[in-house]
Structure formats: structure tokens, C-alpha cells
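The entries below follow the order in which I looked things up.

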Amino acid sequence: MSRSTRLSRRMASLGGRKALAAFITAGDPHIDYTVPAMRALVTGGADIIELGVPFSDPEADGPAIQAASERALAAGTRFQDVLDAVARFRETDDSTPIVLMGYLNTVLAQKAFAERAQHAGVDGLIMVNLPPEEAEEFRRDHAGQALDLVFLVAPTTSEERIATIASQASGFLYYVSFKGITGADRLSVEDVAAKLALIRRKTDLPVVVGFGVKDGETARQVVTVADGVAVGTALVRVMAETTGGVDAVTAALTARVAEFREAMGH
Amino acid sequence: MRKVVGNSVSKGSNYNQPSEDGHFGQFGGRFVAETLTAALDDLSALYERMRGDGEFLAELDRDLSEYVGRPSPLYFAEHLTRHLGGARIYLKREDLNHTGAHKVNNTIGQALLAKRMGKPRVIAETGAGQHGVATATVAARLGLACDVYMGQEDVERQSLNVYRMKLLGARVIAVQSGTRTLKDAMNEALRDWVTNVDTTHYIIGTVAGPHPYPMLVRDFQSVIGREARAQILAAEGRLPDVLVACVGGGSNAIGLFHPFIDDVDVRMVGVEAAGLGLSTGQHAAPLNDGRVGVLHGNRTYLMQDDDGQIVATHSISAGLDYPGVGPEHSYLKDIGRAEYAAATDDEALEAFRLLNRTEGILPALESSHALAWAVREVPAMDRDQLVVINLSGRGDKDIMTIARRDGIVL
């Protein structure tokens, strides 16, 4: 699928630059933080924003992102709040792609999801528990044709299946760097390099590597073989650990993202 | 693309579900993180081979008869029948199995699969602790390492089973996230499995989860219905009018129902936990008061709010305290082959006491929900009608809970 979307345009315009996808959970610790935090990610050098949709049962996430989801839900965050945050962000930034990341059930529960998401300015979806076999039906009944569906490829994904996944995916492929949950410290650059070589034989889509990209040094090593990295837990931790209100949190976020950006080159 | 059969299937005849890719109509499927797909493919392939493998089936049969103690009796509950004054009531005595519930039928089968996969470790989720005990039991016997995930709230209300699992050599991991009950234990077990998938088999305890679990757990539990069918034919010379079983995830119910599914004149009733009452929202009855969604790898009816968040459930019975239900039950509901009623905490307790006093049998609180349906409905039935109730487990584990409600400190 080669439509022109914010995501495809951004990936195409990177040139030699490696993509930095930055994740935070919407509504963590309160929805008032979300738009300033998104802007802070861009200021720090993020190319793509992955906005986590809080869910009661985040079965693929480690403790840090689980806790972020729980904080967001405890603060009363609803799906419409997430879309409203995207729309407010779009008032000042019309070029940074926004990908909602989360679990199917929160999307399935929405009426007119595709229209509302596009209207707000969402560009794509990463649904952790959506298999490519269900993608066609999911597009037809829920996601519509305009949003990019980003799929995950895992260390255990067979070669044949990589091709199936790539045929359903658009924007980029998200390579899960190890067997495990978000935030675990198990990434091996050699293993990632070997699998990426396999993936590139099956698809021309850019490949972004996530799970376990914990610091700038890891990011630097990963982008020697990947088109970009996704950083989540490290940023969610900054949000959880920084006291002093919105300004302090956004400053700390920008600084942390900049560390990754610096290590990956500009 | 898969063939969509959906509601076009006639009411149960020549029933052949799930489809090759694990769908029961619109339900079921395999909605999991990509990392797990390969393990699920491997498990499916192995199971396809084993279900026709004479040696495997012989080993399974031998374990079920010599270790579990099958067949379990189908007991004519003469005194309960007389007390209620309606249909003749038979109890399928799964409470007499080794470890005290139907759960072991499945763990025996899955442990044999784990052994053939050469995986040295098994994990399980548990609510009331019966599945955890049944898993720890087979793990002890086969020399497998065993970790059981259990919500902190359940660890507290089922302390007897926690200690039992420890005696069996299992590690019990108390889960602190979310609502700290069965669903959160399942989340944590999935996180463990995705991390240790090379060395670990996840023994899911009910007919939920991603394909092939709903199918293979059903198949292992179907020994209940196969036996009951032969036993009622031997005792009465005909099939029963009604089958009744409690439904949390629904493994004991599907085990009883499945062998009767083409007998379209046999009515099948699943009984969910109505908790404090269906109208209060404080219950665990997704088939009565839920909406279709995706959780724990499958599409099914779920207890959720209008924003797609899974809501906290309530039941006096930890084993029914789950916001989802096996996808095949959702399918059987939608095609009208089975019906799903509900019983409140109070109704279950009343039935619990009644069975103790009339038959000298201590039922699990889960099974007491099925009994409660009978207490409500059987008096209006004809005396020549036959009802088979699945007594899925025994109630020793619940004595503390009930004593506490009575204000008694043991």
C-alpha cells in the first residue's frame, strides 16, 4: 500500500536520518499533561509519536507501561479524551505522524472510530493483539482504509509469515527485539541484526525496532541495522518519576528524548 | 480468508466447530502478541497429530482411569429429587476426581502435550485455585517446574489451595495488578509465556484464550459428557431432557455439553454468576449482560464499559469471577443451541446448603450455581423428565468463605 500519509511522507523525508518513535501513554498521569508532553517529544527530536491508549488489561506490557495505563484510567481518561488531545496537538503541528498504540478492545468499543480518529488527526494504529489474519476484517469494520496499520514482527515470526504481515502493513514494520514484554532488558543487537536481514529480504517497508531500547547507547547500536527505534518505557518512567508539574515533566521528557536523538545522529 | 459460517449453522446438527483457524462463527480466533503465534502454531500442529495418535490416547486414557479415577459416577440424587418434587436429578460427580474437580481432565492432557514438546516448565493461571492445584499436581508427577499465577485477592480468599500448590512443589505468584483476580492472573501468565516461550508450556485452565486452547481444553473436558451420555442411557434408557452446568470460562459446561451437541432435543443450560444480582452490575455474567469484544486472545462476550475497558466482576465464587467466557459458549448462545441463565451469590449458597443436607455432598460454590438453577426450575418440571447437573468440584476449599459469611471463625 503506497498511499501518501503523514507517516509515509515522514519516513520518506528522513533521508539518512534514523527514525525516533517516542511513546507515552495518553492520560498519564492526567490528560492535561498529554498535549504538552507530545510537544516535548517533538522538541526533543522525535519523528513519530506513539500515543498509548490506556487499557485495563495490557497483557503485552511490562510494569512501567502497565502502571501508566492504570494511572491514566484512574484519572478518568476516556478514548475521546485521547482523540481530543490529538486534535489539540494538531493545532500547532500538522506534520508529526501520530500512531495510536494499544489493544483491540478499546478500538472495537468505539462508534465511528475511523472517522473520529482521522478527524482528530490520527495517522495509524499499532494494535498489539491484532494478527494480520484479522486485518482485512478489522479495516472493513473498524479502522477504515485511510489509517496506516503498523504490524509487529517478532523473533519467533517465520520467514513465510513475515511476508504475510508485510502484505497487510503500511507505514513501517515494528520489530519486537526480543521474546518478552515492553521494558525488559534483553535486547541483543546481534540477534536483531540477523532477523532484520531476513525481514529486509521480504519487504521494502522501513523497520523500526522497539521493546528494550532503554538508552541512547542501545539506540545507537540498533540503528546501525534498523531504520529507527521505538522508545517507550524509558519515557514513561521519566513521566512517572518527575515531580513538579507539567513544566518539569515536559522539560525532563525533552531532555531524555534528546539523549536518544543525540546518540542516533541528527 | 476464512469461511464465515456464523449464524447460518443450523441448530447444532452436524456441528463442526471451530473452523480450521479457530473461529466459532464470529467468536474465538487468535488475538495475541505476534511473539506467541509460533508457539500456538506448534501447539496446534502437535495437537492435530496427537488427537489421532493411538499411543497418546492410550496414555491419556490410562491416566484418566488409574490416576484421576474415571469414570466419575453419574449419581441419581433421589433425596434432592424428592425435595424439589419435579424432574429426576442426576449429578455428574466430577467432585470425586483426584484433586477434587473437573480441572484435572484438562491438565492431564496438556501435561502429556508438554512432555511431548520437551518443555521442562509449565505455568498456569488460577482463580479458585482448582486449576492451579490440578496443574501443580500433574507437574509434580511428571517432574516439570511449575509456576502458578493467582490474583492477590484470590490468594487471600483461597489460602487452602495456595498451600496445597506449595506442598505440590509449585511456586504461587500473587498478582498485584488490575483487579487482582483471575483476569489479571491470566495477563501475567501471558506475559510470562511470551518471555519464556521456548521452555514453557502455558496450561490454560478454561475454554478461553487463543486458538487452539478453546478447542483442545474442550476436547480434554469432553470426557465428562461422553461418560454422562453412556451412563444416563444405561440408567434410564434415554437421553436427558436438560443438561446444567455453571459457566465462568466454561470448561466444565462445554465438557458436559459437547458430546450432546448434535442431540438437538437435549436442552443445554449454562449458569453464570449473577453475584449481587444482574441489575446491580456486580456480577460475572457476560453472556447475560455483556458485549462482544476481544480479551485474552479471543473474541467473545465480555464484561466491559462503553469505552472498552474490562470492568471488575463480582462473584462469591472465585472460579466464576471472570469477565469473559469461552468463545464457543458465545457461539452456542448466538445460534440458540445453548441457553445461559444466572444465579446470585445467595441462590448459590442456598443450593450449597441444600445439597449438603439432602444428599450429604459438599459442592463447590461454582457448581452450586448450577444446582441453584435446578432449585429454581426443577419443581415446575414433570416428574418423568431427566436433568443432569455437572457437579464440577467439591466445596472443601470454600468452607472458610462460607464460615466467614456466617460470622464463624474457624
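I began with the second largest cavity of this predicted model, and I noted about 60 Å³ of space in this cavity. I then listed the residues that line the second largest cavity: A:Met127, A:Val128, A:Leu130, A:Pro131, A:Pro132, A:Val150, A:Phe151, A:Leu152, B:Val32 and B:Glu34.

I next turned to the search of the whole structure, which gives seven cavities of 30 Å³ or more. For the largest cavity I recorded about 360 Å³. I found 30 residues in its lining, with B:His102, B:Lys103, B:Gly319, B:Leu320 and B:Glu366 nearest the centre. I divided this lining into nine nonpolar, 17 polar and four charged residues. Among the elements that each supply at least two residues of the lining, I noted strand E5 (121–126) and helix H15 (365–377) of chain B.

I then examined the interface, where 38 residues of chain A are in contact with 36 residues of chain B. I noted that A:Asp57, A:Glu59 and A:Asn105 supply 20% of the area that chain A buries against chain B, more than any other three residues.

Which residue forms a salt bridge with A:Asp57? I identified B:Lys183, with the closest N and O atoms 2.9 Å apart. Across the interface of chain A and chain B I counted six salt bridges.

Conventions: Residues are numbered from 1 along each chain as its sequence is written. Chains are lettered from A and ligands numbered from 1 in the order in which they are written. This is a predicted model: local features need pLDDT of at least 70, side-chain atom pairs count only at pLDDT 80 or more; totals for chains, interfaces and linings use all residues. Side-chain values use heavy atoms; hydrogens and water are left out. Contact means heavy atoms within 4.5 Å. Buried area is the accessible area (1.4 Å probe) that two parts lose on being put together, summed over both. A salt bridge is a side-chain nitrogen of Lys or Arg within 4 Å of a carboxyl oxygen of Asp or Glu. On a 1 Å grid over the protein atoms alone, a cavity is a set of points where a 1.4 Å probe fits but cannot get out, and a pocket is an open set with protein on both sides within 12 Å along at least five of seven lines; lining residues have an atom within 4 Å of a point. Grid points are joined across faces, edges and corners, and a volume is the space filled by probe spheres set on the points. Helices (H or I, at least four residues) and strands (E, at least two) are DSSP runs, numbered from the N terminus. Ala, Val, Leu, Ile, Met, Phe, Trp, Tyr, Cys and Pro count as nonpolar, Asp, Glu, Lys and Arg as charged, and the others, Gly among them, as polar.
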